[in-house]
Amino acid sequence: MEPLIHDRYANNPNDRVLDFIVGKRNAGAPVIGMYCGYAPVELVRAMGAVPVFLCAFSRKTIPAAETVLPSNLCPLIKSSFGFIKTDSCPFYALSEAIIGETTCDGKKKMFELIRHIKPTHIMDLPQLPDETGALVTWTAMVHKLKAFLEATFGTKIADDRIESEIKETNEKNRLMNDFFAYAAHIPPLLSWSEIYDVIGIEFVSGSDELRRLLEGITAGLDGRLGKGEFIGSARSPRVLVSGCPVGGDATKVFRVIEEAGGAVVAMEACSGMKGYSIEIEEDTGDPVSALARAYLKIPCSCMTPNQRRFDALDKMIKRFRPDAVIDVILQACHSYNIESYRIEQHVRDKHNLPFLKIETDFTDSDRAMIRTRVGALFENI
Ligand code: SF4
Ligand code: SF4
């Protein structure tokens, strides 16, 4: 099958983001390290800065992290901290300021251990998003973030620049959702790794550039359709992967699903498709409030109740028509782990779909066990 992307980054998609950030930094743009999906990137981009996400998925820095952090902690937090401890994350090194949010306990306590290193701003995220007052608090937090950026970098972030970034995000999200249609096709025309590659491209592109690049990529996908080339076959079990963010060493789960004959057609997590479901109101005259309203709706499991996650899952199931849902839980992620029980009930009762929960970390030690369980799941489809 012809690869979709033919540039020099085709085999090293992470280098695309790194080269982009280095280029921007060399051209004088500040780089802002960010940890979660709740801080509006539009504010960062509106001041001419470049956001970069610092959540890490490599096992190699975990031993160093465990000299400080408890071993029974989410591997994503340990990996991210380990990169800082060993001074080996180029993205963190390039960042001139750091933004975190009070999502889960592990992350917010980890921020206390690193906040002395670089200017760090923590956003207090309300976790009962439907309560009266939550939006007021969160809007104030978005204003405080704007004030932090302005004070740290000696600039003013103009409303018209924020408005223009809101429109950019909405347009890019529309383009990405059109692109995801190729994964919704039966059989799928697009693999999970190709989706991740294009997410990397989206990150470094404006909407016009992304549209042009996607024209070439979708022409390749239309070519696959014409030639009858698919990811797997019509009989390959279609899997929606939900749960914690998945990247780097955790993508072993996606690989195992493919090895077992399945196809990953949708990825619910914030490392996958979740972020592209945001729609920010345009031309309201108050773009900061519009950002706050949109971002507070992100359905991370740190929220309670988290009905929006169930509603979003319903939409994904309707669109991508999976044969099964596999919920990936990173070790010691209590909020996703506990919510998994209700996700299972919802998936089985409302959608009559098989469900499998996989608790894992970034090692390879459970790979054979995951393979056995995924194989057993597929036998019953
Ligand atoms: S799942 Fe929630 S806490 Fe984890 S990275 Fe995403 S937004 Fe942050
Ligand atoms: S996966 Fe869970 S424990 Fe880990 S950072 Fe995200 S919300 Fe926190």
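This is a predicted model: local features need pLDDT of at least 70, side-chain atom pairs count only at pLDDT 80 or more; totals for chains, interfaces and linings use all residues.
Residues are numbered from 1 along each chain as its sequence is written, chains are lettered from A and ligands numbered from 1 in the order in which they are written, and side-chain values use heavy atoms, with hydrogens and water left out.

Let's begin with the sheet that has β1 in it. Four strands make up this open sheet, in the order β2-β1-β3-β4, and their pairing is parallel. (Helices, H or I with at least four residues, and strands, E with at least two, are DSSP runs numbered from the N terminus; two strands pair if DSSP finds at least two bridges between them.) The edges belong to β2 (50-53) and β4 (120-123), each with a single partner strand, so one side of each has no neighbour in the sheet. On average, and ignoring direction, neighbouring strands here are turned by 25° against each other. (Axes are lines fitted to C-alpha atoms, for helices over the stretch in contact, and angles run from 0 to 180 degrees between N-to-C directions.) Three bridges link β1 (residues 31-34) and β3 (residues 97-101) in the parallel sense; look for Met 34, whose bridge partner in β3 is Ile 99. Helix α1 (residues 13-26) packs on this sheet, touching β1 and β2, and its direction makes about 145° with that of β2. (Contact means heavy atoms within 4.5 Å.)

Now for the sheet that holds β5. Its four strands also form an open sheet with parallel pairing, this time in the order β6-β5-β7-β8. Here β6 (263-267) and β8 (355-360) are at the edges, and each has a single partner strand, so one side of each is left without a neighbour in the sheet. β5 (residues 238-243) and β7 (residues 324-330) pair over five bridges, and Val 241 has Ile 326 in β7 as its bridge partner. β7 and β8 pair over six bridges, and the chain gets from β7 to β8 through helix α14 (residues 334-351) in a right-handed β-α-β crossover. (Right-handed means that, with the strands pointing away from the viewer, the path from the first strand over the helix to the second runs clockwise.) Helix α11 (residues 252-259) lies across β5, β6, β7 and β8, at about 140° to β6.

So where does ligand 1 lie? Domain 1 (13-54 + 89-151) and domain 2 (161-379) both give residues to its shell, so ligand 1 lies between them. (The domain bounds come from an automatic or database domain assignment.) Among the residues around ligand 1 are Cys 36, Lys 107, Pro 245 and Tyr 336. (A residue is near a molecule or strand if one of its heavy atoms lies within 4 Å of it.) Around ligand 2 you'll find Cys 74, Ile 77, Cys 104, Lys 107, Cys 244, Pro 245 and Cys 333.

Finally, the loops. A cis peptide bond runs from Ile 186 to Pro 187, with omega near -10°, and Pro 187 is in the loop between α8 (159-184) and α9 (192-203). Another cis peptide bond joins Thr 304 and Pro 305, with Pro 305 in the loop between α12 (287-295) and α13 (307-320).
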